[in-house]
Amino acid sequence: MKQPLPAVLASGAWLKNTACLLDHGQARWSALHGDLQDPAACRQLEASLRALARAARAPVAAVAHDLHPDFYSTRIAVALADEWGVPAIAVQHHHAHIAAVMAEHGLDEPVIGLALDGVGLGTDGTAWGGELLRVSGHGWERLGSLWPLGLPGGDAAAREPWRMAASALHALGAGDRIAARFSPNVGPGLAAGVQRMLATGLNCPTTSSAGRWFDAAAGALGLCIRQAHEAEAAMALEAAAARWLARHEIVETAIWPDTPHLQHLDLRPLLAQLFAWPEPQRNADEAAAWFHILLAQGLAGWAAAAARQTGCRTVCLGGGCFFNAILRSRVTQALQAHGLRAVSAEALGCGDAALALGQAWVAAHGLCNAPSPTSREAMPCA
């Protein structure tokens, strides 16, 4: 006989933070606290966690949190778990994104997960964000990632899409073109400095982030050089694609060339085409549409290859990049054409505001699958 899932509290993400209590399989949410660089948001998070714990029908069995040790959401989760004498359970960011979709839709079977967002700490200590996963209960496996790009200047690269376009040029073996390409936009000194940075690898950590590939595409087309707010470049790219697709049914020449390799989905050929696009100032909308359609084909083929290898029939789409309606609809249609079920977040949204549900779901299933103190066997949970 299956027992109910234990009550687990989760402290959520760094950005768009919300806390969640998973109590007998039912999710109870805090208010949206916002980003945790704000001390007021941190105070509100602690108050929400304590209030949710008091409201639980059974004592909280664990407190789940992100893998990143420096987040306030991690520190407060560990502190409360210690205070209450229960485990603090770290859950990797992209695992939690896919688990949130599984929890929302009540999925028990193993799934393939496409987790696409800006950044989340990976288990290898690097910045992830374009991940192909297999998820089953509390267990998961990273099957592959997007081709990694350097982040010239570290966090500055997430604020300045031209730097990601420069990184893509470097990844294409054309790093010697960076200064000439971007000097008119950012000045010769800065452009030459980023070129040297990429050539030497100085202050260039790598990332598999899908968000940074969107930045690179927007930068290559001149749609966004510097961002005034989060995801500005990606939204500009989507808006350009939407303008084109409103006037044209499909970009006929957009065909993904082959079956993707699981380890890395290589997006460098897409950026090579954007850099070579004729008259990008006049034809940026068409180029953006072409990028979206081809990317969706590649992602769907990648996930379908993983589904064939693992025997999964469902693909979950998670992470903030799936706020992009063109990407989400095109990937869903392509997966269905492969004979697969595609599932994405509905009521909760696909971004970090829903992450706590995934954290709690993973931790609760992990507790269920751990042997009890009086038995060598785990008790299955409903």
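**Entry 1: the end of helix 5**

I note that the model is predicted.

**Entry 2: burial of helix 5**

Next I went back into the helix itself. How many of the residues of helix 5 are buried? I read nine of the eleven, so helix 5 is largely enclosed by the rest of the structure. I listed the buried ones: Pro161, Trp162, Arg163, Met164, Ala165, Ala166, Ser167, Ala168 and Leu169.

**Entry 3: helix 5 against helix 7**

I then looked up helix 7. Helix 5 spans residues 161–171 and helix 7 spans residues 188–200. Their axes come within 10 Å and cross at roughly 45 degrees. Angles from 65 to 115 degrees would count as roughly perpendicular, and those under 35 as roughly parallel. Helix 5 and helix 7 are therefore oblique to each other. I also checked the hand of the crossing, and helix 5 passes helix 7 in a right-handed one.

Which residues meet in this contact? From helix 5 I noted Trp162, Arg163, Ala166, Ser167 and His170. From helix 7 I noted Leu190, Ala191, Val194, Leu198 and Ala199. I sorted the residues of this contact by type: seven are nonpolar, two polar and one charged. Trp162, Arg163, Ala166 and Ser167 also stand among the buried residues of helix 5.

A reminder to myself on spacing: an α-helix has 3.6 residues a turn, so residues three or four places apart point the same way.

**Entry 4: aromatic pairs**

I turned to the aromatic rings. The count came to five aromatic pairs. I followed up Trp14 with Phe71, which form a stacked pair, 5.4 Å centre to centre with 25 degrees between the planes. Trp14 sits in the loop between strand 1 (8–10) and strand 2 (20–23), and Phe71 in the loop between strand 4 (62–66) and helix 2 (72–84), so the pair ties together parts 57 residues apart in sequence. Phe71 is buried, at 18%.

I then looked up Trp128 and Trp140. Their pair is edge-to-face, 6.2 Å centre to centre with 65 degrees between the planes. Trp128 belongs to strand 7 (residues 127–136) and Trp140 to strand 8 (residues 139–146), so this pair links parts twelve residues apart in sequence. I checked accessibility again. Trp128 is buried, with a relative accessible area of 2%. Trp140, at 28%, counts as partly exposed.

Notes
Residues are numbered from 1 along each chain as its sequence is written. This is a predicted model: local features need pLDDT of at least 70, side-chain atom pairs count only at pLDDT 80 or more; totals for chains, interfaces and linings use all residues. Side-chain values use heavy atoms; hydrogens and water are left out. Axes are lines fitted to C-alpha atoms, for helices over the stretch in contact, and angles run from 0 to 180 degrees between N-to-C directions. Helices (H or I, at least four residues) and strands (E, at least two) are DSSP runs, numbered from the N terminus. Angles under 35 degrees count as roughly parallel, over 145 as roughly antiparallel, 65 to 115 as roughly perpendicular and the rest as oblique. A crossing is left-handed if the near helix is turned anticlockwise from the far one by less than a right angle, and right-handed if clockwise. Contact means heavy atoms within 4.5 Å. Ala, Val, Leu, Ile, Met, Phe, Trp, Tyr, Cys and Pro count as nonpolar, Asp, Glu, Lys and Arg as charged, and the others, Gly among them, as polar. Rings of Phe, Tyr and Trp (its six-membered ring) pair if their centres lie within 6.5 Å; planes under 30 degrees apart count as stacked, over 60 as edge-to-face and the rest as tilted. Buried means under 20% relative accessible area, exposed over 50%, partly exposed in between (1.4 Å probe, protein chains only).
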